[in-house]
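Open the model in your viewer and keep the sequence panel beside it. This tour tells you what to select at each stop and what is there.

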Amino acid sequence: MTGGGGYQVYRAALPEVCAADPAKMVFTADAEGRCEVFTWDAVSRSARQVTHRPRGTLHCAVDRDAHVWWFDEDERGAGQWRFQPFTGGPDRPGLTNVPSGLPRGLAVSDHAAVAVAVGEGRTTTVRTGPRGGAARTLARFDGHATLTGITPAGGLLAVADAAAVTVLTTGTGAVRAVLPGGASGRLWSLGFAPGADSEELLLVREHDDRYVLATWRPGTGLATHTWCAFDTEITARWDADGRSVLIRQDRHGRSALHRADLTRRTLTPVPTPPGTVLDAATRPGGDLHCLWTDTAHPPRLTSTRHTPLPPLPTVADRIPGTHRDVWTTGPDGPVHTLLSLPDTAHGPVPAVLLVHGGPADHDRDAYDGVVHSLLASGFAVARVNYRGSTGYGPRWRHAFGGGVGLTQAEDLASVRADLVARGLVRADATGLWGTSWGGYLVLLALGTRPGLWQAGVAVKPVADCAAAHRTTTPALRALDESLFGGTPDEVPERYARSSPIRYAAAVRAPLLVVAATHDAKCPPGQVRGYLDALRAAAVPHESLWLDSGHDGYDGGDHVTVLRRAVVFLDRHLRGPGRAPGGPPSRRPPTPRSARSGEHRTTAHTTERREPHAEGHHQQRPARG
């Protein structure tokens, strides 16, 4: 499935499998440069395109009766769930009388009882009803909440927000249980066990600086399985037997799989190659599906029972570069960097620090089209897992001692100094590139340490923390208040101290700012205010505006940003002609653009859309 312009897009997630017929699957893939929903029949090895939306489609599911579901959203991300039979036919609303809103979860029981959670302004509304039938309102939650599961029989729902997991009865909406995260840390809801009579809910608890598996049942309540604890973030899925759990641990930029038997209280490693497991699940019949990658290999789908799975875009040629880990001494422990050096490197070379978003996310040993493109253009690429990143344990996640953003900018500066001292990168040719919260860090680093950086690319950034708080989504307002310890009215000095607009006049490095006119997470108004501040201070810069939202599923925008950004960095970090110690400057290839969103490929490359490191904990907001 080749997209226009020589690139392809896809979402880095496993196909969803029909519980009653595992040969029937639903997945997203490229459709002329857009991400769209397809069915896959593993028996006939054939695919059928389900959605044909001008801006693409990302959210999809399949129920036990093999109906295909997707979220039909507008450019601002608001819309409704729809479905159609697996073999095709007219699409219908999942529930009628549901107003347009933001997707906060879909759950379908084994008997076609449907529940949806929809974000409506500052509230989340949960509605239920028969598939295709009239909806009735079950509950409303203040702020951002996520529907995380329904029991197979359809009697109970789980809804999670930042403070607790709430279990509701579907008949009356009565609260069956409220499971608070507690003083020791957060609690994540991961769905009810399969099986007709099961009402057991799977959870992960942050407890005593570890991540521990937990379960809840009516009558017996919450059980914390302290024998199944990990020092870094995990996510988990039920096996089909409803008594064992497949656990994915993200640790130091890589992943490992484990299987926990809740009856025998045993934890067994599941062998996988070194690298990153982007997604994994045990399917009916014991088949293990896995989506694996590392920096030198694009993602590949595997089945332990050799079930035919949909083809993925791939890279025909060798991935350029050599790859290593670098650990830099820091005040809260060593900072981990995934460093890739171009094949042509002989001595220090121009370098780009790619800055991940989140902030609760991390860069991983995984194929990345931007890394590929920059390496092919002769740049070194450093992916820094600064303080606040996932994959290094709770203490690292909460290490913001220098202030929000300022702590991370300090880590970026320390890693740059370390790489220069090691003779790996050029001190006079080091730039930054980040998207969303990563773009925020780019702006903050350029303004607070203007002498260190020679270029910066900030894509869909937070540029004014207080203004962004006023106009962003409820989930991200809550995230801001957690990070800063209050609202801009309550702690204005903290927002001001960590806001890039405060330092706009100090920026000296060439800067490219990319923003989106329909961005709900990093709204366009606060970016325009930052650009006005640059102009008022006569700071040279470039800007590029996209007619899209924050995430966007159309590959054309991503390729546009990629071309503009890589050529911009090439011009300012190497200039025309031959760079010292490197090859002649040339127009780079264009595998992808922004470092958020679904996979993007040219004839050579793919980009991941990776669930956050605490994987599939959808109730935890992140900017990018």
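**Stop 1**

What you are looking at is a predicted model. Now sort the contact by class.

H1 covers residues 369–376, and H9 covers residues 555–573. How are two packed helices described? By the angle between their axes and the distance between the axes. For H1 and H9 the angle is about 40°, and the axes are 11 Å apart. The crossing of H1 and H9 is right-handed.

**Stop 1: a cis peptide bond**

Select Gly358 and Pro359. A cis peptide bond joins them, with omega at about 5°. Where does Pro359 lie? Pro359 is in the loop between strand E31 (349–355) and H1. H1 is the helix from the previous stop, where it packs against H9.

**Stop 2: the sheet E14 to E17**

Colour strands E14, E15, E16 and E17. These four strands form an open sheet in that order, and the pairing is antiparallel. Which strands stand at the edges? They are E14 (146–150) and E17 (175–180). Each has a single partner strand, so one side of each is left without a neighbour in the sheet. Neighbouring strands here are turned by 20° against each other on average, direction ignored.

Four bridges join E14 to strand E15 (residues 156–160), and the two run antiparallel. Select Gly149 and look across: Ala158 in E15 stands opposite.

Select Leu168 to find Val175 of E17 opposite. How many residues lie between E16 and E17 in their hairpin? There are five, and Gly173 in the turn has a positive phi of about 80°.

While the strands are on screen, keep one general point in mind. In a regular strand the side chains alternate between the two faces of the sheet.

**Stop 3**

Zoom in on strand E24, residues 254–261. Five bridges join E24 to E25, and the two run antiparallel.

**Stop 4: two positive phi angles**

Select Glu32. Its phi is positive, about 55°, although Glu32 is not a glycine. Glu32 lies in the loop between strand E3 (24–31) and strand E4 (34–41). Is Glu32 buried or exposed? Glu32 is exposed, with a relative accessible area of 63%.

Then select Lys460. Phi of Lys460 is near 50°, a positive value in a residue other than glycine. Lys460 sits in the loop between strand E34 (455–459) and helix H5 (465–471). Is Lys460 buried or exposed? Lys460 counts as buried, at 6% relative accessibility. The cut-off for buried is under 20%.

**Stop 5: an aspartate in a helix**

Select Asp480, found in helix H6 (residues 474–484). Because its relative accessibility is 5%, Asp480 counts as buried. Asp480 and Ala466 are 14 residues apart along the chain, and their C-alpha atoms are separated by 9.3 Å.

**Last stop: the whole chain**

Zoom out and clear the selection. What does the chain contain? There are nine helices and 37 strands. Of its 624 residues, 62% are buried. The chain exposes about 21,800 Å², and carbon and sulfur atoms supply 51% of it. Finally, think about contacts between residues at least 6 apart in sequence. Of these contacts, 56% join residues at least 24 apart.

Note on methods
Residues numbered from 1 in each chain as written. Predicted model: local features only at pLDDT ≥ 70, side-chain atom pairs only at ≥ 80, totals over all residues. Heavy atoms only, no water. Pairing = 2+ DSSP bridges. Axes fitted to C-alpha atoms, helices over the stretch in contact; angles between N-to-C directions. Left-handed = near helix turned anticlockwise from the far one by under 90°. Buried < 20%, exposed > 50% of the residue type's maximum accessible area, 1.4 Å probe, protein only. Contact = heavy atoms within 4.5 Å. Areas by Shrake-Rupley, 256 points an atom, 1.4 Å probe, with all protein chains shown as cover.
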